[in-house]
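Dear colleague,

I am passing on to you the structure below, together with a summary of what was found in it. Please read the notes with the structure open beside them.

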2 protein chains.
Amino acid sequence: MDENILKLIEERKFSVLKTLLSEMQPPDIAAIFEDAPEKDIPIMFRILPKELAAEVFVEMDSDMQQLLIEAFSDKELHDVIDELFMDDTVDIIDEMPATVTKRILQQTDSKTRRMINQLLAYPDDSAGSIMTTEYIDLKKSMTVEDAFDRIRKIGIDSETIYSCYVTDAGRHLLGIVSVKDLLLNAKSEIIGNIMDENIIFANTLDDKELVAGLFEKYDILALPIVDKESRLVGIVTVDDAIDVMQEEATEDIEKMAAILPSEHSYFKTSVFDTYKARIPWLMLLMISATFTGAIIAGFEDKLSELVALVAFIPMLMDTGGNSGSQASVTVIRAISMGDIEFKDILRVLWKEIRVAFFCATTLVSVNFIKLFFVDNLLMHNFDKGQVILEICVVSVTLFCAILVAKIIGCSLPILAKKIGFDPAVMASPLITTIVDAVSLIIYFTAARIILRI
Amino acid sequence: MDENILKLIEERKFSVLKTLLSEMQPPDIAAIFEDAPEKDIPIMFRILPKELAAEVFVEMDSDMQQLLIEAFSDKELHDVIDELFMDDTVDIIDEMPATVTKRILQQTDSKTRRMINQLLAYPDDSAGSIMTTEYIDLKKSMTVEDAFDRIRKIGIDSETIYSCYVTDAGRHLLGIVSVKDLLLNAKSEIIGNIMDENIIFANTLDDKELVAGLFEKYDILALPIVDKESRLVGIVTVDDAIDVMQEEATEDIEKMAAILPSEHSYFKTSVFDTYKARIPWLMLLMISATFTGAIIAGFEDKLSELVALVAFIPMLMDTGGNSGSQASVTVIRAISMGDIEFKDILRVLWKEIRVAFFCATTLVSVNFIKLFFVDNLLMHNFDKGQVILEICVVSVTLFCAILVAKIIGCSLPILAKKIGFDPAVMASPLITTIVDAVSLIIYFTAARIILRI
């Protein structure tokens, strides 16, 4: 399909192309534009029907949007902007350089411009930043028939018509009526009688993650957003809530891997930006490994007699680290899904201690057998005369390391959340560094006591 | 709020409770049930209005559903089941023991029972397993007015009325009409003229993750599902797609932390199930650490002369592991978001190599300064006479380990996906184990060459 289309572009068969593109979905058309030669993009865009063109425009990445805006006449720019929903316009402006933004704002009327500037002013992570201002508002005194008339009049420009919002003269939100309610009631019925007054809503300054969570919890298609004075100022639709959920999941995953969250997709992030997102944690964790180094260095004079024990350091560190990150990652995800709160900390600890006990018992048993038969009898890795004692040192350390790792791994994210830190950064890498240090201390202490050195 | 309600239950003030609960949202009522004494749950459930009761029932966890079903009379069970959507009924049955399932099926008519059995037969991860069979179907020849009549007739039992599906006599899907289209057209308009024939749809056996991806890409509220013969058999609604997205993100996160994915939330998973989900990877990774142990053991006789170098093993392993997991986790997420495919592998490699180069240069420089001033001058950790050479060994290893880690980290998930494996298991723990072994080999090789031992 894609190659056919590129061939049509090459052969300048724009009328065939027009028919073909008109039958496709906006995100698929935008993907074709990504692959098309840059010089052909404005002409390809111009053959699209007006409404479809705007929908395709929204799906493009900001580089291509900018390229098109710069190719547009003022009239063309005006037509595209006119078709966009307010939240999409604001998203586009957010990514454009100042000169382009200025040109866009010049093509909007003063009311729209005021609205755009207001939406741009909301903090990045707020409900206000993802809401749109095009919705259906009704009055309590209207009949169902009046409501349908209003939907027919302003529905074409609303992002969703399926939830209608009933407001008073001061724009305070009184209730919600769905189109389903309207259709299933008599035409003469009064809106005030059929509206649902148990409203789920959010405030403009609420965190957008919280807003997305409401969609998941209540299975809603749109959420009204009110300002500090409880006036309805916009709505968030489910498609935008989905984008927020996916962004938040990606951010959590990045933080768990010791990466600062990035705004753009993989290939849209420059090498330097990727470097900037990764280096701080790498640096911090590298320097904090000084502690583990210092612990080993402090034991150095004894190590030269016990080099056999050095061979088990990676296994002990990795198993401890993996045990800890299993616990921390599980707890972090459960916190963001709302399953774990601070009050559950003892319940979590008790569960993790039991899991740790079973994991540790299994691993120590298997490891004991492996050490005795493979490392001892087969590879003669231990120092003669104290084989069993050395195996004991490894086993005791393994057991304690797993237990400590699970305890640290499950409790740090909850504590971090409690003191207002992001639980997601308390994941594998940080836990690993802490667990490494603890495991080494246990290892050398066990060696000192059991081997009497 | 919650405590007030528990007090009302205690004082048996059920009529006040009824008023209070009737004004709340189903998920919030279900949460109150979770905290209520078990013996009061059936009576609390009985005071809810019929429709709300069914909505609350769907939000409960399966233990409580079972408890209620066992307390229900046949009539009560029939009433609840009757109000449920087909997909919810199937989800509930899926979790119940055989005796309860049998009782539920006895309360449904033969047509519903056939439908339930058909839905139960779809594989767990398929589109069929999350679809519902209640939707609005229209005929091409209908007018807009006919369509509204049909919506009024069957709309109350449909999961969504906002997308209507136009089918022929053989139930083949011909087009889609939204209620918005219906409202914005004249009553006499023929459906065949206004329906959209560019249909986004999926097959019953398509992976549900793919289905959820379509919602995200195309911003749709419902997706029609067709069988092998292209007949419309059901629809998936956006709320179910959201649940799938969140489940998939959780599964990816679990796999990245070397945990087998679990079906239930944190506290709903038993200690033994948590143990079973965590032990296989811990065991595998512990045993594979035998390699790192063997590498160190092979160098053992030289280590006794060079114990200073042992102190840097944790730092080198951790930094390599962190660098690798940054790359792997970023690539894994990009693969599941559809940003990276197999054909991009060289582009990914080229990007990661450049990022690795910058990260390695920065870290090696900082580390060099730290080693020279802190470890050497302050702590005298190096062997006299070859301070600079030993620092060089550490620096060369650090540089190579970061480079190798990023290359392995970014390519393994893409290769895994290509050969049909799950890319998410190629995350931190596995990468760490591989990178550990490689770093140690580089370390000892560098030591041998630079220190001539």
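At what angle do the axes of helix α14 of chain B and helix α15 of chain B cross? The axes of α14 (residues 208–218) and α15 (residues 238–256) cross at roughly 120° and come within 9 Å. Axes here are lines fitted to C-alpha atoms, for helices over the stretch in contact, and angles run from 0 to 180 degrees between N-to-C directions. Helices (H or I, at least four residues) and strands (E, at least two) are DSSP runs, numbered from the N terminus. The angle therefore makes α14(B) oblique to α15(B); angles under 35 degrees count as roughly parallel, over 145 as roughly antiparallel, 65 to 115 as roughly perpendicular and the rest as oblique.

Before going further, please note that this is a predicted model, in which local features need pLDDT of at least 70, side-chain atom pairs count only at pLDDT 80 or more, and totals for chains, interfaces and linings use all residues. Residues are numbered from 1 along each chain as its sequence is written, while chains are lettered from A and ligands numbered from 1 in the order in which they are written.

The crossing of α14(B) and α15(B) is left-handed, a term used if the near helix is turned anticlockwise from the far one by less than a right angle, with right-handed used if clockwise. On the α14(B) side, the contact is made by B:Lys208, B:Glu209, B:Val211, B:Ala212 and B:Phe215; α15(B) contributes B:Val238, B:Ala241, B:Val244, B:Met245 and B:Glu248. Two residues are in contact if their C-beta atoms, placed from the backbone, lie within 7 Å.

A second pair of helices joins the two chains. Helix α21 (residues 345–378) of chain A and helix α16 (residues 271–288) of chain B have axes that come within 9 Å and cross at roughly 35°, and this crossing is right-handed. Among the residues that meet there are A:Phe358 and A:Leu363 of α21(A), and B:Tyr275 and B:Leu282 of α16(B). The residues of this contact divide into 11 nonpolar, 3 polar and 3 charged (Ala, Val, Leu, Ile, Met, Phe, Trp, Tyr, Cys and Pro count as nonpolar, Asp, Glu, Lys and Arg as charged, and the others, Gly among them, as polar).

The contact between the chains takes 89 residues from chain B and 89 residues from chain A. On the side of chain B, helix α20 (residues 313–336) gives the most, with 14 residues. That side divides into 52 nonpolar, 22 polar and 15 charged residues.

B:Ile225 is found in strand β5 (residues 222–226) of chain B. B:Ile225 counts as buried because 27 C-beta neighbours lie inside 10 Å; a residue is buried if 20 or more other C-beta atoms lie within 10 Å of its own, exposed if 12 or fewer, and partly exposed in between, with C-beta atoms placed from the backbone. A:Val329, in helix α20 of chain A, is buried with 28 other C-beta atoms within 10 Å. A:Val329 and A:Ala424 are 95 residues apart in sequence and 7.9 Å apart in space, C-alpha to C-alpha.

Yours sincerely
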